[in-house]
Amino acid sequence: MPVKLSPAMRRISTRQNSLTALRSAVVVPGYPTRRSAALTLGIPRTTFNAHLRVVEDSAGFAVFNHRKRPVTVTPRGQPLIREAKRLIALLDGAREPCQER
């Protein structure tokens, strides 16, 4: 897919399971805790936390403020989460089967 990625997203995209990690990251906003977000995804909290670490470690900056409840996206992380949502929507749209008329 010919999509221009931000430098942070390029670093994230080279990591193993980056798409799964990004899917977890975009779920965080709106949930009162990481635990509740993990439960929604049906994965263990430790796995969910590992996904968030992949995103933040790869990006090279804090994407989330983990000290507040609910967990919020940092000002620097907001563009990255928006970009992740757009990319996931593009990938999911590309996976949909073509409908014949």
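## Helix α4

The buried residues of helix α4 are Phe48, Asn49, His51, Leu52, Val54, Val55, Glu56, Ser58 and Ala59; buried denotes under 20% relative accessible area, exposed over 50%, and partly exposed in between (1.4 Å probe, protein chains only). Helices (H or I, at least four residues) are DSSP runs, numbered from the N terminus. An α-helix has 3.6 residues a turn, so residues three or four places apart point the same way.

Helix α4 comprises residues 45-59, 15 residues in total, and its span from first to last C-alpha is 21 Å, close to the expected 21 Å. That expectation is 1.5 Å times one less than the number of residues. Gly60 follows α4 and has a positive phi, near 90 degrees.

## Basis of the model

This model is predicted: local features need pLDDT of at least 70, side-chain atom pairs count only at pLDDT 80 or more, and totals for chains, interfaces and linings use all residues. Residues are numbered from 1 along each chain as its sequence is written, and side-chain values use heavy atoms, with hydrogens and water left out.

In helix α3 (residues 34-41), Ser36, Ala37 and Ala38 are buried. The cover over the buried residues of α3 includes α2 and α4.

Ser24 is located in helix α2. It counts as buried because its relative accessibility is 3%. Leaving aside residues up to four places away in sequence, Ser24 touches Leu41, Ile43, Phe48, His51 and Leu52, where contact means heavy atoms within 4.5 Å.

## The salt bridge

One salt bridge is found in a search of the whole structure; the term requires a side-chain nitrogen of Lys or Arg within 4 Å of a carboxyl oxygen of Asp or Glu. Asp92 pairs with Arg23, and their closest N and O atoms are 2.6 Å apart. Because Asp92 lies in helix α5 and Arg23 in helix α2, the pair ties together parts that are 69 residues apart in sequence.

Asp92 is partly exposed, at 29% relative accessibility. Arg23 is also partly exposed, with a relative accessible area of 27%.

Conventions:
Helices (H or I, at least four residues) and strands (E, at least two) are DSSP runs, numbered from the N terminus.
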